[in-house]
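Subject: Structure handover

Hello,

Here is the structure that I am passing on to you. Please have it open while you read the notes that follow.

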Amino acid sequence: MKCSHCYADNQSFATICAKCGQAILRLEVCPMGHLLPPGEQDCPICPSMWPEVDSFAGPPLLRGFLLVESGRLTGSQDPVAALTYLEVRDQEIPLALAPLHSGAVSLVDEDDDKIECRILMRPNGISVCQRDQMKKQKAPSVYEPLLPGEKFDLGGVSLRYHEVVPPAWARKLAGCL
Ligand SMILES: [Zn+2]
Ligand SMILES: [Zn+2]
(Lines give C-alpha, C1' and ligand atoms only; values in the text may rest on other atoms or scores of the structure.)
(Ligands and ions follow the chains in the order given, each with its own letter.)
Protein backbone atom coordinates (compact mmCIF):
# COMPACT_ATOMS: atom_id res chain seq x y z
CA MET A 1 0.00 0.00 0.00
CA LYS A 2 1.47 3.36 -1.02
CA CYS A 3 1.18 6.29 1.34
CA SER A 4 -0.79 9.09 -0.38
CA HIS A 5 1.31 11.72 1.42
CA CYS A 6 4.89 10.61 0.92
CA TYR A 7 4.44 7.67 -1.51
CA ALA A 8 6.38 5.33 0.77
CA ASP A 9 5.53 1.65 0.41
CA ASN A 10 3.89 0.24 3.51
CA GLN A 11 2.62 -3.19 4.53
CA SER A 12 -0.78 -3.87 2.98
CA PHE A 13 -2.49 -3.95 6.42
CA ALA A 14 -0.89 -0.69 7.65
CA THR A 15 -3.21 2.15 8.61
CA ILE A 16 -0.45 4.60 9.56
CA CYS A 17 2.52 5.31 7.27
CA ALA A 18 5.73 3.93 8.75
CA LYS A 19 7.73 6.78 7.16
CA CYS A 20 5.69 9.96 7.64
CA GLY A 21 3.15 8.90 10.27
CA GLN A 22 0.07 10.06 8.33
CA ALA A 23 -3.07 7.93 8.12
CA ILE A 24 -3.00 5.82 4.96
CA LEU A 25 -5.87 6.07 2.52
CA ARG A 26 -6.59 2.96 0.51
CA LEU A 27 -5.17 3.97 -2.85
CA GLU A 28 -5.54 1.28 -5.45
CA VAL A 29 -4.34 1.28 -9.01
CA CYS A 30 -5.14 -0.89 -12.01
CA PRO A 31 -2.37 -2.98 -13.65
CA MET A 32 -1.64 0.00 -15.91
CA GLY A 33 -1.17 2.32 -12.92
CA HIS A 34 -4.41 4.33 -13.18
CA LEU A 35 -5.88 5.40 -9.86
CA LEU A 36 -9.16 3.55 -9.15
CA PRO A 37 -12.15 5.39 -7.64
CA PRO A 38 -12.67 4.39 -3.96
CA GLY A 39 -14.23 0.93 -3.70
CA GLU A 40 -14.05 0.27 -7.45
CA GLN A 41 -12.36 -2.76 -8.98
CA ASP A 42 -12.75 -1.74 -12.62
CA CYS A 43 -10.46 0.85 -14.13
CA PRO A 44 -12.42 3.72 -15.73
CA ILE A 45 -9.53 4.69 -18.03
CA CYS A 46 -8.22 1.41 -19.46
CA PRO A 47 -11.37 0.54 -21.48
CA SER A 48 -11.19 3.89 -23.31
CA MET A 49 -7.53 3.59 -24.28
CA TRP A 50 -6.46 2.73 -27.79
CA PRO A 51 -3.05 1.12 -28.23
CA GLU A 52 -0.20 3.30 -29.41
CA VAL A 53 0.98 2.58 -32.93
CA ASP A 54 4.46 2.97 -34.36
CA SER A 55 4.93 5.89 -36.70
CA PHE A 56 5.05 5.13 -40.38
CA ALA A 57 6.18 7.34 -43.25
CA GLY A 58 6.42 4.91 -46.16
CA PRO A 59 4.44 5.06 -49.40
CA PRO A 60 0.73 4.15 -49.24
CA LEU A 61 1.02 0.82 -51.07
CA LEU A 62 -2.28 -0.96 -51.68
CA ARG A 63 -2.23 -4.19 -49.63
CA GLY A 64 -5.76 -5.44 -50.06
CA PHE A 65 -9.45 -4.89 -49.66
CA LEU A 66 -11.97 -5.34 -46.88
CA LEU A 67 -15.01 -6.72 -48.66
CA VAL A 68 -18.42 -6.07 -47.12
CA GLU A 69 -19.98 -9.54 -46.75
CA SER A 70 -23.05 -8.49 -44.82
CA GLY A 71 -24.47 -5.29 -43.42
CA ARG A 72 -24.04 -1.77 -44.70
CA LEU A 73 -20.83 0.26 -44.78
CA THR A 74 -20.75 3.96 -45.68
CA GLY A 75 -17.90 6.42 -46.18
CA SER A 76 -17.08 9.48 -44.11
CA GLN A 77 -17.74 11.89 -46.99
CA ASP A 78 -21.01 10.46 -48.29
CA PRO A 79 -23.16 8.91 -45.55
CA VAL A 80 -25.79 7.77 -48.06
CA ALA A 81 -24.01 5.66 -50.66
CA ALA A 82 -23.12 2.16 -49.43
CA LEU A 83 -19.58 0.91 -50.08
CA THR A 84 -18.93 -2.65 -51.20
CA TYR A 85 -15.28 -2.64 -50.08
CA LEU A 86 -12.61 -0.58 -48.34
CA GLU A 87 -9.13 -0.15 -49.78
CA VAL A 88 -6.42 -1.06 -47.31
CA ARG A 89 -3.13 0.78 -47.77
CA ASP A 90 0.02 1.15 -45.67
CA GLN A 91 -0.53 4.32 -43.70
CA GLU A 92 0.37 6.17 -40.54
CA ILE A 93 -3.16 6.61 -39.17
CA PRO A 94 -5.45 3.59 -38.70
CA LEU A 95 -8.83 3.52 -40.44
CA ALA A 96 -11.60 4.27 -37.95
CA LEU A 97 -15.10 2.74 -37.97
CA ALA A 98 -18.15 3.69 -35.90
CA PRO A 99 -21.47 1.82 -35.76
CA LEU A 100 -24.49 3.90 -36.91
CA HIS A 101 -27.23 1.45 -35.92
CA SER A 102 -27.57 -2.32 -36.04
CA GLY A 103 -26.21 -3.61 -39.32
CA ALA A 104 -24.69 -0.27 -40.40
CA VAL A 105 -21.18 1.03 -39.89
CA SER A 106 -19.50 4.19 -41.13
CA LEU A 107 -15.92 5.16 -41.84
CA VAL A 108 -15.23 8.16 -39.59
CA ASP A 109 -12.48 10.66 -38.85
CA GLU A 110 -9.56 9.71 -36.59
CA ASP A 111 -10.82 11.89 -33.72
CA ASP A 112 -14.48 10.81 -33.78
CA ASP A 113 -15.64 9.86 -30.26
CA LYS A 114 -17.91 7.04 -31.47
CA ILE A 115 -15.08 4.95 -32.91
CA GLU A 116 -15.51 1.29 -32.01
CA CYS A 117 -12.90 -0.25 -34.29
CA ARG A 118 -9.54 0.74 -35.72
CA ILE A 119 -7.80 -0.99 -38.60
CA LEU A 120 -4.05 -0.64 -38.98
CA MET A 121 -2.23 -1.45 -42.22
CA ARG A 122 1.51 -1.76 -42.25
CA PRO A 123 3.94 -3.63 -44.56
CA ASN A 124 3.94 -6.61 -42.15
CA GLY A 125 0.15 -7.02 -42.34
CA ILE A 126 -3.28 -5.79 -41.35
CA SER A 127 -4.48 -5.75 -37.75
CA VAL A 128 -7.73 -4.81 -36.07
CA CYS A 129 -8.48 -3.35 -32.62
CA GLN A 130 -12.05 -3.31 -31.28
CA ARG A 131 -13.28 -1.28 -28.32
CA ASP A 132 -15.75 -3.89 -27.06
CA GLN A 133 -12.85 -6.29 -26.53
CA MET A 134 -11.19 -3.66 -24.37
CA LYS A 135 -14.37 -3.37 -22.30
CA LYS A 136 -14.61 -7.15 -21.87
CA GLN A 137 -10.97 -7.46 -20.88
CA LYS A 138 -11.07 -4.27 -18.78
CA ALA A 139 -7.57 -3.55 -19.97
CA PRO A 140 -5.98 -1.83 -22.95
CA SER A 141 -6.35 -4.11 -25.92
CA VAL A 142 -3.95 -4.83 -28.74
CA TYR A 143 -4.17 -4.87 -32.50
CA GLU A 144 -4.96 -8.45 -33.49
CA PRO A 145 -3.58 -9.58 -36.85
CA LEU A 146 -6.16 -10.31 -39.54
CA LEU A 147 -4.99 -13.01 -41.94
CA PRO A 148 -5.82 -13.09 -45.66
CA GLY A 149 -9.31 -14.56 -46.06
CA GLU A 150 -10.27 -13.91 -42.43
CA LYS A 151 -13.21 -11.71 -41.49
CA PHE A 152 -14.27 -9.67 -38.48
CA ASP A 153 -17.61 -8.32 -37.34
CA LEU A 154 -18.59 -4.91 -36.06
CA GLY A 155 -22.16 -3.94 -35.22
CA GLY A 156 -23.70 -6.55 -37.51
CA VAL A 157 -21.38 -5.75 -40.42
CA SER A 158 -18.94 -8.41 -41.63
CA LEU A 159 -15.74 -7.45 -43.39
CA ARG A 160 -13.49 -10.05 -44.99
CA TYR A 161 -9.86 -9.31 -45.84
CA HIS A 162 -8.81 -9.99 -49.39
CA GLU A 163 -5.05 -9.60 -49.73
CA VAL A 164 -3.38 -8.08 -52.76
CA VAL A 165 0.34 -8.63 -53.22
CA PRO A 166 1.81 -5.43 -54.66
CA PRO A 167 3.78 -6.00 -57.89
CA ALA A 168 7.57 -6.21 -57.57
CA TRP A 169 8.14 -2.80 -59.17
CA ALA A 170 5.87 -1.15 -56.64
CA ARG A 171 7.62 -2.85 -53.72
CA LYS A 172 10.98 -1.85 -55.15
CA LEU A 173 9.79 1.74 -55.44
CA ALA A 174 8.63 1.56 -51.82
CA GLY A 175 12.00 0.24 -50.68
CA CYS A 176 10.58 -3.14 -49.65
CA LEU A 177 12.81 -5.20 -51.94
ZN1 LIG B 1 3.85 8.51 4.30
ZN1 LIG C 1 -6.24 1.37 -16.04
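Which residues does Leu 97 touch, not counting residues up to four places away in sequence? They are Val 105, Leu 107, Val 108, Ile 115, Glu 116, Cys 117 and Leu 154. Touching here means contact, where the C-beta atoms of two residues, placed from the backbone, lie within 7 Å.

Some conventions before the rest. Residues are numbered from 1 along each chain as its sequence is written, while chains are lettered from A and ligands numbered from 1 in the order in which they are written. The model is predicted: local features need pLDDT of at least 70, side-chain atom pairs count only at pLDDT 80 or more, and totals for chains, interfaces and linings use all residues.

Overall layout

The protein has two helices and 11 strands. Helices (H or I, at least four residues) and strands (E, at least two) are DSSP runs, numbered from the N terminus. Along the sequence they follow the pattern β-β-β-β-β-β-β-β-α-β-β-β-α. The radius of gyration is 22 Å, well over the 16 Å that the globule rule gives for 177 residues, so the protein is more spread out than a compact globule. That radius is taken over C-alpha atoms, and the globule rule is 2.2 Å times the number of residues to the power 0.38. Along the principal axes, the C-alpha atoms fill a box of roughly 70 × 40 × 25 Å.

The domain assignment gives domain 1 (1-44) and domain 2 (62-173); such bounds come from an automatic or database domain assignment. The centres of the two domains, taken over C-alpha atoms, are separated by 41 Å.

Of the 177 residues, 18% count as buried. A residue is buried if 20 or more other C-beta atoms lie within 10 Å of its own, exposed if 12 or fewer, and partly exposed in between, with C-beta atoms placed from the backbone. Among contacts with a separation of 6 or more, 48% are between residues 24 or more positions apart.

The segment before S1

Tyr 7 lies in the segment before S1 and has a positive phi of about 65 degrees although it is not a glycine. Is Tyr 7 buried or exposed? Tyr 7 is exposed, because 11 other C-beta atoms lie within 10 Å.

Asp 9 is found in the segment before S1 as well, and with 12 other C-beta atoms within 10 Å it is exposed. Asp 9 and Lys 19 are 10 residues apart in sequence and 8.8 Å apart in space, C-alpha to C-alpha.

Ala 23 is found in the segment before strand S1 (62-70). Ala 23 counts as exposed because it has 11 C-beta neighbours inside 10 Å. Leaving aside neighbours within four places in sequence, Ala 23 is in contact with Thr 15 and Ile 16. From Ala 23 to Met 134 there are 111 residues in sequence and 35 Å in space, C-alpha to C-alpha.

Strands and sheet

Strands of a sheet pair through backbone hydrogen bonds, either parallel or antiparallel. For these notes, two strands pair if DSSP finds at least two bridges between them. An open sheet of four strands has the order S4-S1-S11-S10, with antiparallel pairing. Its edge strands are S4 (85-89) and S10 (151-154), each of which pairs on one side only. Direction ignored, neighbouring strands of this sheet are turned by 25 degrees against each other on average; the axes are lines fitted to C-alpha atoms, for helices over the stretch in contact, and angles run from 0 to 180 degrees between N-to-C directions.

S1 and S11 run antiparallel and are joined by six bridges. The bridge partner of Phe 65 in S11 is His 162.

Strand S2 (residues 72-74) runs parallel to S6, with three bridges, and Arg 72 stands opposite Ala 104 in S6. S5 and S6 run antiparallel and are joined by five bridges; here Leu 97 stands opposite Leu 107 in S6. The hairpin of S5 and S6 has two residues between the strands, and in it Gly 103 takes a positive phi near 85 degrees.

The core

The largest nonpolar core has 20 residues, and Leu 97, Ile 119 and Ile 126 have the most contacts inside it. Two or more residues each come from S5 (95-101), S6 (104-108), S7 (117-122), S8 (125-130) and S11 (157-163). S7 gives the most, with four residues. A nonpolar core is a set of buried Ala, Val, Leu, Ile, Met, Phe, Trp, Tyr and Cys residues joined through C-beta atoms within 7 Å.

Regards
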